[in-house]
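Please consult the sequence and the model alongside the text.

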Amino acid sequence: MRRILLIENHGSDFHSTRLPLCKYLRAQGWDVYALLPNSEYVELIQSEGINAIGYDLDRRDVGVRHLIRLVRICREITNRLDIDIVHSFRFLPNLLNIVANCFNSRKVIVHITGLGVAFSNFSFPYLLLKILSQIAFQIVLFRANKVIVQNEDDAKDILFAKLWNRKVVVIEGSGVDTSFFNKALANRAKLRIGSNVSTDDMIFICVTRLLWEKGIGEMVDAFQSLKESEPFAKLWVVGWPDKENPRHVQDSY
């Protein structure tokens with residue numbers, strides 16, 4: 001039986017977004033494994049019939065020794081299980097995937113959910129970060145068999161994009177369960193009453209991880225300036241306070 005290993009940053013993300021892919025692959029005859037940081041989601045994913053493997057991860061530890069340890073874990077698991085394809089999502093798992101499989105013939109697929117904040121900022125520090133990111137993407141593209149991106153702009157922004165065109169695949173987002181997230185099924189009046197929102201209020205909702213790089217501070221400042229001209233405009237920020245990330249948004253903001 002063919003074996004595939006999926007690597008993800010968070011068990012919660014895997015449980016909420018990758019399970020349909022796992023079930024599809026199993027239906028196609030694949031033996032599916034998942035490599036995830038230890039959390040309660042490892043057992044939840046195992047209960048779905050997926051071979052989930054947990055490892056210890058402190059996201060605040062970004063040292064070289066820590067990275068080497070994670071690469072060793074990834075390499076040991078892929079070799080021990082004789083994995084045919086390693087499919088990773090997001091920056092750190094992609095890095096582990098590439099480094100761990102740098103000197104073998106195993107099939108490697110990386111999924112880039114976004115090129116990063118450096119590609120939307122133009123200050124000097126971000127320019128340096130963009131250059132480093134482009135170098136990292138070139139290494140990824142050199143080794144990977146396929147690179148998945150979620151919009152055409154990301155595919156074009158990669159350095160030497162035309163050279164890597166045969167490896168890059170553009171898809172329409174990460175996938176949303178439209179049977180559940182269907183605005184036609186929502187009763188707006190009922191939702192407003194349940195949320196104690198006036199019919200006059202114009203609600204702007206931002207769904208994001210609570211990181212400064214997401215522009216939350218600038219967005220709050222912008223809404224402060226709207227108070228006089230748009231008194232009924234309200235901002236709701238909905239997201240996870242990623243306190244393991246050193247640049248998360250402080251609760252006191």
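A residue is called buried when its relative accessible area is under 20%, exposed when that area is over 50%, and partly exposed in between. K234, at 38% relative accessibility, is therefore partly exposed. The model discussed here is a predicted one.

K234 meets D201 in a salt bridge, with 3.1 Å from N to O. This pair links distant parts of the chain, 33 residues apart: K234 belongs to strand β9 (residues 233-238), and D201 to the loop between α7 (188-194) and β8 (202-207). D201 has a relative accessibility of 9% and so counts as buried.

In total, the structure holds seven salt bridges. Another of them joins R3 to D31, whose closest N and O atoms are 3.9 Å apart. Because R3 lies in strand β1 (residues 3-7) and D31 in strand β2 (residues 31-37), the pair ties together parts that are 28 residues apart in sequence. R3 is partly exposed at 28% relative accessible area, whereas D31, at 19%, is buried.

A salt bridge within a helix is formed by R80 and E76, at 2.8 Å from N to O. The two residues are four apart in helix α3 (residues 64-80), which means that about one helical turn separates them. E76 is partly exposed, with a relative accessibility of 39%.

A polar contact of 3.0 Å connects the side chains of Q150 and H111. Q150 is located in the loop between β6 (146-149) and α6 (152-157), and its relative accessible area of 18% makes this residue buried.

Definitions and conventions. Residues numbered from 1 in each chain as written. Predicted model: local features only at pLDDT ≥ 70, side-chain atom pairs only at ≥ 80, totals over all residues. Heavy atoms only, no water. Buried < 20%, exposed > 50% of the residue type's maximum accessible area, 1.4 Å probe, protein only. Polar contact = N/O pair within 3.5 Å; in protein donor to acceptor, adjacent residues only side chain to side chain. Salt bridge = Lys/Arg side-chain N within 4 Å of Asp/Glu carboxyl O.
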